[in-house]
Amino acid sequence: MIDLKSWINPPKPETSPPLEPGERRAIKIEIAIVLLVTFGLSGLSSILSLVEDALLAGSLSDQTVALNTSSSSLGIIDLLYQVLRILRLAAWGALGLYLLWRAGLGPRLIGLARPRAKTDLLQGLGLAALIGLPGLVFYLVGNAVGLNLTVVPSTIDDHWWRIPALIAYAFANSGAEEILVVAYLISRLRRLGLSENRSLLLSALLRGSYHLYQGVGAGVGNFLMGLVFGRFWQKTNRLWPLLIAHALIDIVAFVGYTALRGHLTWLP
């Protein structure tokens, strides 16, 4: 039987001895730098983008935003641009892992112990269904009432490498977001003494913020996703299911859109 009380207000895990003032200041500076280099800056940019879109004439749903785009009319140059973007996301995730490792939290301690193939996959599938299906409905409703821009998952030109690149993007997004926004941020906020609920709230707010360029509905939807994913990690200390779930959601969105565009009337 699920203990709802422990899910709503979980106990704080055992932590290291209290921090000295210098150590506390160093962690705060580290978090600020990491977020400014990665998703924090993306969040500020998304807020600015949403304000700009709101000031333009017409409903948000009349405007379009593409997630994965071509950067060159030359196929090989475009491919290299895509590889660079994927590498940047992978580097963000690696940065989070490295800083946690330097802080004494190796991969095993943040939920990246040896994968339990069946359990991790089933939990990942369950989380993907829990978030992905309502998320699609939430997007369509938000778009219909003018809270979301019309999101085009991919406008990459039709090259032989397009599908592999979209799948690589899905895994890179998953790694960067779940490692940095969940494992890294919540772990470092714990070390500063924040409660599990406050750490979870800040993590979810960050996740929602850098999706606001897609509209208010997308920001709210991703905030809710952050609450679910963050709490799952806090309760289970398993990161693999989150990585699997996020990658599956993105693969369905990116590749599914590419395959179905033109065949479904409600797809832009």
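The points below take up helix packing, a surface patch and salt bridges in turn. This is a predicted model, in which local features need pLDDT of at least 70 and side-chain atom pairs count only at pLDDT 80 or more, while totals for chains, interfaces and linings use all residues. Residues are numbered from 1 along each chain as its sequence is written, and side-chain values use heavy atoms, with hydrogens and water left out.

**Helix packing**
- Helix α4 (residues 75-102) and helix α6 (residues 162-191) have axes that come within 8 Å and cross at roughly 25°, and the two are therefore roughly parallel to each other, a term for angles under 35 degrees.
- The contact of α4 with α6 has 15 nonpolar, six polar and two charged residues.
- The axes of α6 and helix α9 (residues 240-260) also come within 8 Å, and they cross at roughly 145°.
- In the contact of α6 with α9, the residues divide into 13 nonpolar, five polar and four charged.

**Surface patch**
- Leu74, Ile76, Ile77, Leu80, Tyr81, Val83, Leu84 and Leu87 make a nonpolar surface patch of about 750 Å² (residues with over 30% relative accessible area and no salt bridge, nonpolar side chains being joined within 5 Å).
- Leu87 is found in helix α4.

**Salt bridges**
- The structure holds six salt bridges (a side-chain nitrogen of Lys or Arg within 4 Å of a carboxyl oxygen of Asp or Glu).
- One of them joins Arg238 with Asp120, whose closest N and O atoms are 2.8 Å apart.
- Arg238 lies in the loop between α8 (216-236) and α9, and Asp120 in helix α5 (residues 117-144), so the pair ties together parts that are 118 residues apart in sequence.

Key
Axes are lines fitted to C-alpha atoms, for helices over the stretch in contact, and angles run from 0 to 180 degrees between N-to-C directions. Helices (H or I, at least four residues) and strands (E, at least two) are DSSP runs, numbered from the N terminus. Angles under 35 degrees count as roughly parallel, over 145 as roughly antiparallel, 65 to 115 as roughly perpendicular and the rest as oblique. Ala, Val, Leu, Ile, Met, Phe, Trp, Tyr, Cys and Pro count as nonpolar, Asp, Glu, Lys and Arg as charged, and the others, Gly among them, as polar. Patches are made of residues with over 30% relative accessible area and no salt bridge: like charges are joined within 9 Å, nonpolar side chains (Val, Leu, Ile, Met, Phe, Trp, Tyr) within 5 Å. Accessible areas come from the Shrake-Rupley method with a 1.4 Å probe; for residues, only the protein chains shown count as cover.
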